[in-house]
Amino acid sequence: MGRGVTLTGGLALRDVDPHDLPVFFTFQQDPSANFMAAFTAKDPGDRQAFDSHWERILSDPTVLMKTIVLEGRVVGSVGKFDMLDKPQVTYWVDREFWGRGIATVALAQFLAVYRARPVYASAAADNPGSIRVLEKSGFVRQGMEKSFANARGQEIDEVFFVLERAQAGEDPRNAQH
Ligand SMILES: CC(C)(COP(=O)(O)OP(=O)(O)OC[C@H]1O[C@@H](n2cnc3c(N)ncnc32)[C@H](O)[C@@H]1OP(=O)(O)O)[C@@H](O)C(=O)NCCC(=O)NCCS
């Protein structure tokens with residue numbers, strides 16, 4: 001994906017720039033966003049841990065992360081990492097911009113470029129916003145397990161999703177593995 005591709009209504013995905021990281025760090029300071037995401041950093045306020053995490057993922061060839069930009073403003077991130085050799089999508093939107101369809105559009109556009117299928121996702125069972133984004137994007141619920149959630153300090157239900165095949169308009173022959 002090239003830099004600054006216009007998606008829709010001023011929303012764009014581009015490569016993560018080092019200048020985006022302090023902005024992402026501020027997003028993860030929001031207590032309600034952390035509670036919602038649940039499977040978060042142990043200490044969201046630990047800048048050193050945050051920097052090491054991003055240094056690691058940006059140099060990992062199996063990770064593909066994009067910055068979500070709305071009319072020139074960094075409003076979130078979307079991407080994919082591998083867990084047990086399975087690609088998993090992830091996304092985070094600045095709380096100020098929730099409920100405008102940003103995660104849904106950003107994920108759709110990400111999945112139009114990252115075309116390997118199946119692709120997986122998970123969310124806390126009590127994160128209806130994230131679950132709704134996945135369902136709107138064609139992901140299907142696979143199952144549920146108890147997992148430890150740093151933001152809750154305990155095990156909670158985690159729901160697992162899969163997107164099995166290309167959606168309308170996607171060409172599976174272009175799949176990247
Ligand atoms: C989850 C998150 C990415 C959603 O971002 P967003 O840009 O607000 O998402 P969208 O606007 O595209 O879609 C949200 C959908 O969830 C619905 N929703 C949100 N909160 C809801 C709730 N409490 N109950 C039911 N539905 C809810 C919205 O109505 C919308 O569905 P609709 O289009 O059918 O109305 C955002 O809240 C976030 O970043 N949260 C913190 C990090 C996180 O949880 N990341 C995901 C980890 S799995």
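Ala, Val, Leu, Ile, Met, Phe, Trp, Tyr, Cys and Pro are counted here as nonpolar, Asp, Glu, Lys and Arg as charged, and the others, Gly among them, as polar. By this division, the shell around the ligand in the predicted model holds 12 nonpolar, six polar and two charged residues. Of the 20 residues around the ligand, those that come nearest are Ala103, Thr104, Pro128, Gly129 and Arg132. At least two residues of the shell are supplied by each of helix H2 (31–37), strand E5, helix H4 (102–113) and helix H5 (128–136). The largest share, five residues, is that of H5.

Helix H5 also has buried positions, namely Ser130, Val133 and Leu134. Viewed down the helix axis, the buried residues of H5 fall within an arc of 95°, and they therefore line one face of the helix. Their packing partners are H4, strand E6 (119–124) and strand E8 (154–163). After H5 comes Gly138, with a positive phi near 95°.

E4 and E5 form a hairpin, with two residues between the strands. In the turn, Leu84 has a positive phi of about 50°.

Definitions and conventions:
Residues are numbered from 1 along each chain as its sequence is written. This is a predicted model: local features need pLDDT of at least 70, side-chain atom pairs count only at pLDDT 80 or more; totals for chains, interfaces and linings use all residues. Two strands pair if DSSP finds at least two bridges between them. Helices (H or I, at least four residues) and strands (E, at least two) are DSSP runs, numbered from the N terminus. A residue is near a molecule or strand if its C-beta atom, placed from the backbone, lies within 6 Å of it. A residue is buried if 20 or more other C-beta atoms lie within 10 Å of its own, exposed if 12 or fewer, and partly exposed in between; C-beta atoms are placed from the backbone. The arc is that of the directions from the helix axis to the C-beta atoms. Two residues are in contact if their C-beta atoms, placed from the backbone, lie within 7 Å.
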